[in-house]
Amino acid sequence: SATAQTRNLSILKEQIAAVLQREQLRREQIRREQIQQQQIQQNLQQEEQVVQQRLQQELQQNLLLNHNMNINSTFSATQAAAAPVWQQHQEQLLLLQQQIQQKYIQQQLQQQQQQLQQ
């Protein structure tokens, strides 16, 4: 009877040890799964950040492109509107340049005449 009890206790100890070992293995498995889940979560967050950054860059590039296109169209419209005024200014500058050249030639001629008279 004592041997039977000892044997039963030994069997119980083995069973308890086996249950504890299984429980330990189960906890380790759960811990590994949690770590995997965290890594997956981190990877997803990183990927999402990369996608967000790319979208932000594309958006900024599109906004810049639109802005440049608006500036170009505004510039073209301004240029078209200013063309007659610019043409008039060019003509006035040309006339002024011709007048200056004529005065310079007149001065040169006067100086030559003065030198000849002396």
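Good morning, colleagues. Please note at the outset that the model is a predicted one.

I begin with the overall form. The protein chain contains one helix and zero strands. That helix, H1, covers residues 2–117. Along the principal axes, the C-alpha trace extends over about 160 × 40 × 5 Å. The radius of gyration tells a related story: the protein chain has 48 Å, whereas a compact globule of 118 residues would have a value near 13 Å.

How much of the protein chain counts as buried? Of its 118 residues, the share is 0%. The accessible surface of the protein chain amounts to about 11,600 Å², and carbon and sulfur atoms account for 52% of that area.

Let me turn to a nonpolar feature of this surface. Four residues, Leu 9, Leu 12, Ile 16 and Leu 20, make up a nonpolar patch, and together they contribute about 400 Å² of accessible area. Leu 20 is part of helix H1. This residue counts as exposed because its relative accessibility is 55%, the threshold for that class being over 50%.

I now come to the charges.

Which residue does Arg 26 meet in a salt bridge? The partner is Glu 23, with an N to O distance of 2.7 Å. The two residues are three positions apart in helix H1, so about one helical turn separates Arg 26 from Glu 23. Both are partly exposed: Arg 26 has a relative accessible area of 43%, and Glu 23 has one of 27%.

The other bridge links Arg 27 to Glu 23, and here the closest N and O atoms are 3.3 Å apart. Arg 27 and Glu 23 are four residues apart in helix H1, which means that they too are separated by about one helical turn. Arg 27 counts as exposed, because its relative accessibility is 54%. Through shared partners, the salt bridges join Glu 23, Arg 26 and Arg 27 into one network.

Thank you for your attention.

Note on methods. Residues numbered from 1 in each chain as written. Predicted model: local features only at pLDDT ≥ 70, side-chain atom pairs only at ≥ 80, totals over all residues. Heavy atoms only, no water. Patch = residues over 30% accessible without salt bridge, like charges linked within 9 Å, V, L, I, M, F, W, Y side chains within 5 Å. Areas by Shrake-Rupley, 256 points an atom, 1.4 Å probe, with all protein chains shown as cover. Salt bridge = Lys/Arg side-chain N within 4 Å of Asp/Glu carboxyl O. Buried < 20%, exposed > 50% of the residue type's maximum accessible area, 1.4 Å probe, protein only. Rg over C-alpha atoms; globule rule 2.2 N^0.38 Å.
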